[in-house]
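Have the model open beside you as you read.

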Amino acid sequence: MWIKNLITSSSAKSLVQLKSMKVSHCDCIKEIVTNEGNEEKDIEILFSNLITIELDTLKCLTSFCRYGNCEFKFTSLEILIVKECPKIETFTESRITTPRLQHILKTDKGEEDVRWQLEGDLNATIQNVFQYKVLNFVHSFKSKVCFCSI
């Protein structure tokens, strides 16, 4: 059996004392928190003591949580590291509060570390990072392709 998510939203609510979260080398994880099977309409998940999140080598990760009814509050989050998560497009599909977070450290295999300044909110910044990566790939591809006529 492949693990597609780490915890349910109801379990995440109970992690109030969590200070650091590192998830690494899980090729099948698509999201960290899931709301699958939960019938609640609007869910607020407060991580009041979480200072650091590191997401490392998660090849299938598309978001931290993809359910629009889960609002996240990371009131103490200062460090977010995203390493080799090529499919991440957004952090969450819902509202997110990160008052202390100023930068995202983004690294990919064979590339230098990049520190991204938060632009608006965390979701907007992650989306900009993803779009930047796609545009760089397209530009790189175009520069390597030679169109020749015979």
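Which side chain meets E71 in a salt bridge? R95 does, at 3.2 Å from N to O. A salt bridge here is a side-chain nitrogen of Lys or Arg within 4 Å of a carboxyl oxygen of Asp or Glu. The pair links distant parts of the chain, with E71 in strand β6 and R95 in the loop between β7 and β8 (96-97), 24 residues apart. Helices (H or I, at least four residues) and strands (E, at least two) are DSSP runs, numbered from the N terminus.

Before going on, a word on the ground rules. This is a predicted model, where local features need pLDDT of at least 70 and side-chain atom pairs count only at pLDDT 80 or more, while totals for chains, interfaces and linings use all residues. Residues are numbered from 1 along each chain as its sequence is written, and side-chain values use heavy atoms, leaving out hydrogens and water.

Back to that pair: E71 counts as buried at 19% relative accessibility, whereas R95 is exposed at 59%. The cut-offs are under 20% relative accessible area for buried, over 50% for exposed, and partly exposed in between (1.4 Å probe, protein chains only).

By this salt-bridge rule the count comes to 6. One of them joins R66 and E31 at 3.3 Å, N to O. R66 sits in the loop between β5 and β6 and E31 in strand β3, so this pair ties together parts that are 35 residues apart in sequence. R66 is partly exposed at 43%, but E31 is buried at 2%.

E44 and K73 form another salt bridge, at 3.4 Å from N to O. Since E44 belongs to strand β4 and K73 to strand β6, parts 29 residues apart in sequence are tied together. Both ends are partly exposed, E44 at 43% and K73 at 25%.

The largest nonpolar core has 34 residues, and F64, F72, F74 and F91 have the most contacts inside it. Such a core is a set of buried Ala, Val, Leu, Ile, Met, Phe, Trp, Tyr and Cys residues joined through side-chain atoms within 4.5 Å. Elements that each supply at least two of its residues include β2 (20-24), β5 (52-56) and α2 (122-144). The largest share, 3 residues, comes from α2.
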